[in-house]
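Me: I would like to learn how to read strand pairing, helix packing and a chain interface. Please take them one at a time.

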Amino acid sequence: MEILSLVLMSVVAAATPLLFAAIGELVTEKSGVLNLGVEGMMLVGAVVGFAVTASGGGAVLGVSAAAAAGSAMAALFALLTLNLLANQVATGLALTLFGIGLSALVGRGFIGVPLDGLPHLAIPGLSDLPLIGPLIFGQDALVYLSFVAVAAVAWFLTRTRAGLILKAVGENPAAAHRLGHSVLRVRWLAVLFGGAMAGIGGAYLSLAYTPLWAENMTAGRGWIALALVVFATWRPGRVLLGAYLFGGVTIAQLHAQSAGVALPSQFMSMLPYLATILVLVLISRDAARIRLNAPASIGKVFHPGG
Amino acid sequence: MRITRRRFTQGALAAAAAPAVLSFGGPARAADPLKVGFVYVGPIGDHGWSYQHNEGRLAVEAEFGDRVETSFVEKVSEGADAERVVNQLAASGHKLIFTTSFGFMNPTLKVAQRHSDVMFEHATGYKRADNLATYAARFYEGRTISGTLAGHVSETGVVGYIASFPIPEVVRGIGAFTLAARRINPDLEVRVVWVNSWYDPGKEADAAKALVDQGADVLLQHTDSPAPMQVAEERGIKAVGQASDMTRFGPSAHMTAVVNDWAPYYVERVGQVLDGSWTSTDTWGGLASGMVKMAPFNSNLPAEAIADAEQAVADIKSGARHPFDGPVRDQSGTVRIAEGERASDELLLGMDWYVEGVQGKLPG
Amino acid sequence: MAAEGAFGIRLERRPAPSRAMLLATPPLAVLLTVLAGAILFAAMGFDPLETLRAYFVSPLTSLYGWGELAVKATPLAIIAIGLALGFRGNVWNIGAEGQLTLGAICAGGLALAVYGHEGPWLLPLMMLAGAAGGLAYAAIPAYLRVRFNANEILTSLMLTYVAGLLLSYLVTGPWKDPEGFGFPQSRLFNPEALLPIVLDGTRMHLGAPLALCVVLAGWLVVARTLIGFQIKVVGLTPIAAGYAGFSQARIIWFTLLLSGGLAGLAGAIEVSGPIGQLQPAISPGYGFTAIIVAFLGRLHPVGVLLAALLMALSYLGGEQAQIELGLPLAVTGVFQGMLLFFLLASDFLTHYRVRRTASTPAAAG
């Protein structure tokens, strides 16, 4: 049974960065904005989080700085798409290109620098319980924070007035505007939140998952996070499901290889992607449900003057 | 902070930083410096393959000062872009060009045929011409040393091997490692996980964890990031680093590392071009020539293990031992290299089978 | 709404996009990039003028350089033409990279299958096979979207990873060069399977004129055909399109198959053009870069062509700046990002004009 617990620990680590980035992007998209720059924001978050922590700032400051850096990238995106009404898809992609370069530039002094990982929670008695001990009571702070983030976003979107306004803006910005809500302000805040979460997701990679900095270390996880938002049909609970499904299949195929399953490794590596498609198809068959959740105005420029 | 930029404004800053790079801002000397170009497949910030080649480039600059001028292009895709980059280097006056990834082989050959006055060096390939030399490192010799240590250290008798792509280079390393480890512990088994990437710290860490969870207490890697080393340290087991000394990432776990040191070769070849003695050669350097080096053995290892490993290094250097001394059996038990024989370089170059003791089936 | 009141100005949507601005903004954006780039380079310790020259002038000082520009822009333009049509109709194919890979696999597989028995018929068949491969691969997201309502953004992206792994399997396994010492690449194609060079002394191959034909065809579809019109209407006002009886499913199928087919064609051109064999790395991300190209070109075929050339030049310039001056590639990424940001931001001058808020506040709606 111990191995199950260990495997699940690996799944948690693999899923957490995806979860952060995806839950942030979910809020952004719920406000009607599609930011494809997640990969770039994660990278900048990863390098800034690492740089601050490795320079003696400590992990708390490091994660905060990563969130701020992700937000700063997101602010650039918001300025271009919300104020200057640039195309969101293209701007998001450009943001990724920019983020890859910028993070490499910032990180040049931090290549090959070692760092201690984030400490894991240790509650005497509880953390030592067999099976569930380390899993539930022995994670690092960011893992718990990722669950808090999902719960908070779910609560915010369904139970708060601000959440309803955000969804209204995403559904029908013109109507929300007529009701006196500032579409621009709501979307700015949603985009900034998305950037902060992506930044923390990146910092999880460079501070906890593999405590080091290397160029391009996100290796496409920003794209997976984007796909997970779609997979989740814009529901926070399903982002959690998607991130753990993807992480779980990734880990499972590595275990299968290690156990000697005789299938070409390339086919094994395809499994997480194919599994995600399959589950999306199963979920999506109920068309009405998706339409209820997808923000109607996503990706479209809104300008109240016309 | 590493200096990757060669162009300094002249003055105190540059003088303080590194005398070797000073010359580039200055006026042309009596004899124009030899221009040497390098093409890298990854970013020099990968802290692995391309990083080590760039260290070699910096060694050339340090050695020859203002007699040479070096340039590099990083992150060159192995597709259509490679030929252009190599050609641009040749067309802009570079007289010696190192292309440092297998995928650059055919593009380098094409450009070499067009620029007969330029000398080319391609790493890890097999196509040569009068002005195109090849060079590669016998990293598998380092795997023999790693295997010797692992055979002594592993208590579970299970070793995890994180592999990148199923190409002969990697398969050879797995073979040399397994043979050496089983020489110490005949029951030892090697489990391989292919991550289909040279560099993805997250995935490498996941693979490392999966292998440890299944009982491995020693980790080997043929991927570039220090992530598996970190996992080994965290889990309290042993590991062997790759490309550079990774002690910093696992002070207790780090047994040694198979270090790629291109500097001596690059310095030698540039020197030959400078004195006019360069010819097209096929170099396959190993421990003896210093192209492959072992990082210092960790002092926390058993004395016996260190002694055996040091003996293995000495024997391979002297030629008394070869990583693939027969008899070598494949997974089915068939003898591939007979008793008293040694694997030929040709067999090693195209190796596409697992030796006995490796679990699972070789993909492809 | 951008600056309502706050700065005493407001934005007003132009009744029609300004033609003058459409032509004036790209040079303006390039100018701004040059200025910002000069500051960036100076801050990094590089001579700004020399660096800018390395970027924009050096790559084009030789005939070979012009040929390279064409080689690099060819796949970008071909893919972006197809994507732009889909984007007009709100169909989000972001898996062109995977469709390109499948096109390369099909075209390359054909060349390997008939190895030693080639004829003049082979090249056209390879192009067709490539297009068919990309088209078939794009049919998967199309089918899943139409039949199961599965979002094509996710499916097409995930299939891109699958395609890359499939190619890796083929070249490390069954299609490996038998004389290649086990290295992961196929045989080199015979000359009959290679696109002829159309400009001596360069690598510019038949794919470049082919790309121009695709641009022209793309323009014809947009401007002169019913389906082009339908796509536009669906993209602008889906509800009106519904009244007019246009089938959403038909447009999804058409745009995904077309963009997939063109991406596959680009893959065929890459393997039979500059690469000449199958190997693990066919494309340095052309399928993703083409998305930017499509939008930079304002989804218009002529704009796409110009954007593809500019994008290609920025890659060539980045290499040149690294060769000549040792400029780190990371700086090139930042510089490219700035160029794109300025180009995208300047677009708003085409559609909006800035007015002082003298009397009336911005009208809602």
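**Strands, helices, interface**

Reply: Val258(B) stands opposite Met294(B) in strand 12 of chain B. This is a predicted model, in which local features need pLDDT of at least 70, side-chain atom pairs count only at pLDDT 80 or more, and totals for chains, interfaces and linings use all residues. Residues are numbered from 1 along each chain as its sequence is written, with chains lettered from A and ligands numbered from 1 in the order in which they are written.

Me: How many bridges join strand 10 of chain B to strand 12 of chain B?

Reply: Two strands pair if DSSP finds at least two bridges between them. Strands (E, at least two residues) and helices (H or I, at least four) are DSSP runs, numbered from the N terminus. Here three bridges join strand 10 (residues 254-260) of chain B to strand 12 of chain B, and the two run antiparallel.

Me: What is the strand order of the open sheet in chain B?

Reply: The six strands have the order 7-6-8-9-10-12, with mixed pairing. Strand 7 and strand 12 (292-294) of chain B are the edges, each pairing on one side only.

Me: At what angle do the axes of helix 4 and helix 11 of chain C cross?

Reply: Two packed helices are described by the angle between their axes and the distance between the axes. Axes are lines fitted to C-alpha atoms, for helices over the stretch in contact, with angles from 0 to 180 degrees between N-to-C directions. Those of helix 4 (residues 96-113) and helix 11 (residues 286-296) of chain C come within 6 Å and cross at roughly 130°.

Me: How many residues of chain B are in contact with chain A?

Reply: Contact means C-beta atoms, placed from the backbone, within 7 Å. By that rule, 34 residues of chain B are in contact with 35 residues of chain A. Helix 7 of chain B supplies the largest share of chain B's side, nine residues.

Key
Two residues are in contact if their C-beta atoms, placed from the backbone, lie within 7 Å.
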